[in-house]
Amino acid sequence: ARLRAEVLNCPSMAGADGDDSLYPIAVLIDELRNEDVQLRLNSIKKLSTIALALGVERTRTELLPFLTDTIYDEDEVLLALAEQLGNFTMLVGGPEYVHCLLPPLESLATVEETVVRDKAVESLRKISHEHSPVDLEVHFEPLVKRLASGDWFTSRTSACGLFSVCYPRVSSTVKAEIRQHFRNLCSDDTPMVRRAAASKLGEFAKVLELEYVKSDIISLFTALASDEQDSVRLLAVEACVSIATLLPQEDLETLVMPTLRQAAEDKSWRVRYMVADKFSELQKAVGPEITKNDLVPAFQNLLKDCEAEVRAAAANKVKEFCENLPEDSRETIIMTHILPCVKELVSDTNQHVKSALASVIMGLSTILGKDNTIEHLLPLFLAQLKDECPEVRLNIISNLDCVNEVIGIRQLSQSLLPAIVELAEDAKWRVRLAIIEYMPLLAGQLGVEFFDEKLNSLCMAWLVDHVYAIREAATCNLTKLVEKFGAEWAQNTIVPKVLGMANDPNYLHRMTTLFCINALSEACGQEITTKHMLPVVLKMSNDQVANVRFNVAKSLQKIGPVLDSNCLQTEVKPVLEKLAADQDIDVKYFAQEAISVLALA
Amino acid sequence: VSSSSSSSLNAEKVDGFPRRSMRRARQRRSHSSSQFRYQSSQVELTPLPLLKDAPVAELHDLFCKKLQQCCVLFDFLDCVADLKGKEIKRAALNELVESVATSRGVLIEPLYPEAIKMISVNIFRTLPPSENPDFDPEEDEPTLEASWPHLQLVYEFFLRFLESPDFQPSMAKRYVDQKFVLQLLELFDSEDPREREYLKTILHRVYGKLLGLRAYIRKQINNIFLRFIYETEHFNGVAELLEILGSIINGFALPLKSEHKQFLVRVLIPLHTAKSLSIFHAQLAYCVVQFMEKDATVTEYIIRGLLKYWPKTCTQKEVMFLGEIEEILDVIEPSQFIRVQEPLFKQIAACISSPHFQVAERALYFWNNEYILSLIEENCQVILPLVFGTLYRVSKEHWNQTIVSLIYNVLKTFMEMNSKLFDDLTASYKVEKQKELKRERERAELWRSLEEQQERRLQSLGEASRNQKNLQEREKNSKNEPENSAANAT
């Protein structure tokens, strides 16, 4: 407390003298040690302020040693510390001194909690670039080695993420050591470390010289890809993409393909899932020849896998895979190998598989062209449009634009309509909401006539849905339709129906009229608003339900800008004044607000 | 189904809005293991003679044939496929179980590899993806293993095999090796509780009989737990593995090896952070208390560890932590209690002031425990000042009457314990509050001035860099100008 008092007298003095570094470190450290975690956390988050107050030298000699020694705290505090230290270079005196940050970050890189450790590694990676090549060898690389040979798995796990940042900038002897350490960690006896190493294998391969990629990385890759734990094997699949990209085409067959083939047929579905999930990347990495010979049959198998998870992941890639096939044989491959599998997936037993397929299948039409689409794909689209699972139908509808470009949507309209009607009346309101969102798109593609004939009644029915979110979306939908079809169309088809609801016995429906008017007035323009909408709104100011009355006030405020000033003065103002004297407090409030916003006072 | 739809119809009548989104009653589902590519050429099984009718000379040979027959796997998702074959295998397994359990002298050396092979082929499989990715073991019905009619008998056979008086660990260890155990441990992730129950008993027997595998089993369980805590947060068999560990810990020799202490501090204590703690908390707390009863010196690690991971937002977990603390305090040695009382009672005070009444209530129940009460009484000088402020404040503020009356009881107990100290603290309460406020203001002031200073520094830094930039630009301009004027001149 004495120290504190001393400090509190300091700032003014310090400011006057221009000497800012008078804060005794003890006081600041007290803040970092506060008993209350939240306060401690706040202090750590402002560590840069503290460092600035201490100046670079005392930050190096006093603050950092303190931080290094007292790392036993709540993980949340440690996380904040790990993050702060990544941005501390200037505060310790620039790149020349950046290695001072290594000791506290080293300790943080060994803690148990993954989030903290990852953040410490991220900060270490960041400051590694600020090290000079000499400092990197003298300070940074020894740290990596210490972590790599630590007792507990956490430090070894952290080391895995640091090899690739220092490797490119050290001498060849040190490089050899780094490679050796990485090899050791790839065969570590805890699976956690092997997983960390496997997940960094691709990244590390990228910074290695090609000869070492061939001699070191390939053997590590092969070993990890046949690890006893599937959680390790599946990470090797990820690395496969980077490794294949690095190797010259002629080496792929011998060095990578045996492992990849094995992964695609792994007994664990997790590994096969990973292959399916990374399929497009793999395809690009191995090139067209291997794709034709190996990946096509592998892809077929994944599409027919016994686990739905794998089939769904593969189904998701159908379009991308087909797109990336070599042009000369694309159509043949799709027609003879891929399409038969796709046909089976359309009637899969699992709805996730079907809906994954539905989200991409329409994309095939641009690849296959008009005739094939009509002959082969159209039946599939139609089948999916009739699927029992609403998500499948929605996915088809949401991608209609792809087909529209190729064959025109009319081909589908016969089947489309029942599908839309059924979705529009689905029991789940989220499904109804989703189909509403596609209405403007459908309206645009199907044209105004078709719309008026078949879909308009649906759009109006949503206005009286029993879920508010649907009524709201339906209102918004009307605005978009008017933007598409124009004001005249609105006046003839929508406005009469909307205004009709003003007399509905249910006050919620009467309010919907007001919400629609709010949304439509701008798109419909002054004439329609003044002539048709305003009278209805004004009349509703006599409604017996207060909610309707204050929504009248809100509506008037909203449509006011569309009206001319004469109309505002003679028609709107008296009604608002009447509402401002309403007995209900909310009605009064919104009426007064409207009066002031419209400047009618 | 019909009853639920009629009740939803009734609900519709009441409020006029149909409740269509009502959750449908979930059906019990079962799934088959992820057998990648069933053997395509299914072997046709033909029934073999019964074991009990076999002449002694042929018994082992027949036993062996039955084991081989049981290596054939069937598709249980298709429940009518190959019913005859399934029945033959079921009968054979039943016979094998019966024979191993009742007759002596059956288990001779050549049968070991065949038996272990049959077991491996049947039980080791990649567990299928969970049908319900957000599976909540407390709420949802587990997905059951479809091939259980056979699988159960295989497990039963394995168990009888291990428990047979003829069982020879020296022969078994050649086949029940590290790889075998690792696969066995992976199976604990099965969603089917019946399977995990068998696995628990079996692993326990393996641990008991095959001494060479003990360290390896412990290490692999460690790895499973660490992956569960820090990577996936998902593993169905944590409770079962902890149950086995409970009895393993019970058998630890003294003094405790550092490996075991490390397991306590780095694995068991962090397990408390899991989201799904409630599923295995009882088993976990049992393990923790076992450690304390073995060696009292680990108490401090345990308590400080629990305090470090104390739940911040989940009150349900907080109640569990308090329960565990009480279990620990029940057996704590007074000398150990003194080492942890300060941080512990700060936390207890924080729990008492929790707005969630179950947390506050659970903490206040400590004062109903006679042993804990005696510890508190012995250390009243330390503990009362730690909790007094909270008790005093909460007794005036808490919304729940039960809490308020519990606090009055606690205050009364303290008054009786040490009335002098109690009076002193009551008298100084206001002064302490004032001091606290003053400290708060001082802190705010300190940070305000620190931030002002930072502002000034940054400003002067900015100015410096601006000046430098200006200077550079001026130099550049002065260099350019002569050229320009020269160009103009020509």
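A salt bridge, in what follows, is a side-chain nitrogen of Lys or Arg within 4 Å of a carboxyl oxygen of Asp or Glu. By that rule, five salt bridges cross the interface of chain A and chain B. Please keep in mind that this is a predicted model, in which local features need pLDDT of at least 70 and side-chain atom pairs count only at pLDDT 80 or more, while totals for chains, interfaces and linings use all residues. Residues are numbered from 1 along each chain as its sequence is written, chains are lettered from A and ligands numbered from 1 in the order in which they are written, and side-chain values use heavy atoms, with hydrogens and water left out.

Chain A brings 53 residues to the contact and chain B brings 39 residues, contact meaning heavy atoms within 4.5 Å. The area buried between them is about 4,500 Å², with carbon and sulfur atoms giving 56%; buried area is the accessible area (1.4 Å probe) that two parts lose on being put together, summed over both. Between chain A and chain B there are also six residue pairs in polar contact, both residues being at pLDDT 80 or more. A polar contact is a pair of N or O atoms within 3.5 Å; within protein, one must be able to donate a hydrogen and the other to accept it, and residues adjacent in sequence count only if both atoms are side-chain atoms.

On the side of chain A that touches chain B, the elements giving two or more residues include helix H1 (2–17), helix H4 (47–69) and helix H12 (191–207) of chain A. Helices (H or I, at least four residues) and strands (E, at least two) are DSSP runs, numbered from the N terminus. H4(A) gives the most to this side, with six residues. Sorted by class, this side of chain A has 18 nonpolar, 14 polar and 21 charged residues. Here Ala, Val, Leu, Ile, Met, Phe, Trp, Tyr, Cys and Pro count as nonpolar, Asp, Glu, Lys and Arg as charged, and the others, Gly among them, as polar.

Now look at single pairs. Glu231(B) and Arg195(A) form a salt bridge at 2.6 Å, N to O. This pair crosses between chains, from helix H9 of chain B to helix H12 of chain A. Arg195(A) is buried, at 7% relative accessible area, whereas Glu231(B) is partly exposed, at 38%. Buried means under 20% relative accessible area, exposed over 50%, and partly exposed in between (1.4 Å probe, protein chains only). Asp189(A) and Lys219(B) form another salt bridge, with their closest N and O atoms 3.9 Å apart.

Over all chains, the whole structure holds 59 salt bridges. Within chain B, Arg104(B) pairs with Asp166(B) at 3.0 Å between the closest N and O atoms. Arg104(B) is exposed, at 60%, while Asp166(B) is buried, at 13%. In chain A, Arg393(A) and Glu422(A) meet in a salt bridge of 3.6 Å, N to O.

Stay with chain B for helix H11 (residues 258–268), whose buried residues are His260(B), Phe263(B), Leu264(B), Val267(B) and Leu268(B). Seen down the axis of H11(B), these residues fall within an arc of 115°, so they line one face of the helix; the arc is that of the directions from the helix axis to the C-beta atoms. In general, an α-helix has 3.6 residues a turn, so residues three or four places apart point the same way. The buried residues of H11(B) pack against helix H9 (214–232), helix H10 (238–250), helix H12 (277–294) and helix H13 (299–308) of chain B.

Finally, visit Leu556(A), in helix H33 (residues 546–559) of chain A. Leu556(A) is buried, at 1% relative accessibility. Beyond its neighbours within four places in sequence, Leu556(A) is in contact with residues including Leu534(A), Val572(A) and Leu598(A).
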